[in-house]
Amino acid sequence: MARWYDETFEGNLRLGLKGGRMLFREQSAYQTVEIFETERYGRVLALDGVFMTSEVDEFFYHEMLVHPAMTTAERIARVLIIGGGDGGSARRVLGYPEVEEVLLVEIDAMVVEASRAHLPGVGPSWDDPRLEVRIEDGTAFVARETGGAFDVILVDGTDPVGPAEGLFGRDFFAHLAARLAPGGTFAMQSESPLLFPKVFRETQVGLSQVFGSAHPYFGPVPLYPSGTWSYTWASREGDPRAPRSDRLAHAERSSRYYNAEIHRAAFAQPTYVARLLAP
Ligand code: SPD
């Protein structure tokens, strides 16, 4: 029987998807995890009622989070993903043949289990021997862990409420920067500058303090409130506008949204964003 699934944003904005069966619904230690069928976007993952990803539009978000960092890093042998339990980011990272090791640190085992079972088209081949999944709070992991450095670090978190709040903090950024190899690149999802202007601005300030500069970039995500989304690229060295042509060619072959022109254009700052970031 048809029913509507809604995400309500701050009590005054609502996105509704007409859907069908609820495939998975359980309360984890952190949140309510749901996967349900919808007519427009296929299967959708929601955490505490907030839409995370859908089979139909996931490519916008995951390609844009992953490829700008992967195409601009000096090396991409070791990659760390914080969050991203649905596996959409890991799938893009593992697509690069140069990648030798991907460590995915996800706080909630239930997100991984439910996604493995019900979103097989979103995630990677979970049995890929290059992929290690660790169930742990990403902020605790980077604060404690002293193992080797990573060539690329990606933060694929939820909105900065509840379990993901620490993923936008300056201490977390400092720990990440300490784990980044020379020539390494970092990218995180940094919310909608229209709906989360304060979080977006503070993220730029925090990353600039830690890395020396921060480079926000933009793209559409139809599933998210406002439909426009931001990501932020940072690195101690390197240039976000200089992707390597061999990796670009790979990313273009395997992508539906990302390409060389999108990469260049995504770093252009809309005027309202430039004003928001002006000192
Ligand atoms: N408003 C929802 C923001 C969620 C961003 N992360 C989604 C995870 C997809 N891998």
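## Aromatic rings

Rings of Phe, Tyr and Trp (for Trp, its six-membered ring) count as a pair if their centres lie within 6.5 Å; planes under 30 degrees apart are called stacked, over 60 edge-to-face, and the rest tilted. With that in hand, meet one aromatic cluster: Tyr-61, Tyr-217, Tyr-224, Trp-229, Tyr-231 and Phe-267.

A quick word on the model: it is predicted, so local features need pLDDT of at least 70 and side-chain atom pairs count only at pLDDT 80 or more, while totals for chains, interfaces and linings use all residues. Residues are numbered from 1 along each chain as its sequence is written, and side-chain values use heavy atoms, with hydrogens and water left out.

The structure holds 13 aromatic pairs. One of them joins Phe-200 and Phe-218, and it's tilted, with 6.1 Å centre to centre and 45° between the planes. This pair links distant parts of the chain: Phe-200 sits in helix 6 (residues 197–211) and Phe-218 in strand 11 (residues 215–220), 18 residues apart. Helices (H or I, at least four residues) and strands (E, at least two) are DSSP runs, numbered from the N terminus.

Are these two buried or exposed? Buried means under 20% relative accessible area, exposed over 50%, and partly exposed in between (1.4 Å probe, protein chains only). Phe-200 counts as buried because its relative accessibility is 0%, and Phe-218 counts as buried because its value is 11%.

## Charges over rings

A charge sits over a ring if NZ of Lys or CZ of Arg is within 6 Å of the ring centre and within 35 degrees of the ring normal. Have a look at Arg-78: its charged end sits over the ring of Phe-150, 4.3 Å from the centre. Arg-256 lies over the face of Phe-59, at 4.0 Å from the ring centre.

## Helices that pack

Helix 5 (residues 170–178) packs with helix 6 at an angle of about 40°, and their axes are 9 Å apart. Axes are lines fitted to C-alpha atoms, for helices over the stretch in contact, and angles run from 0 to 180 degrees between N-to-C directions. Contact means heavy atoms within 4.5 Å. Among the residues that meet here are Phe-173 and Ala-177 in helix 5, and Gly-206 and Leu-207 in helix 6.

Helix 1 (residues 58–72) and helix 7 (residues 245–254) pack at an angle of about 160°, with their axes 9 Å apart. Their contact includes Glu-63, His-67 and Met-70 of helix 1, plus Arg-247 and Leu-248 of helix 7.
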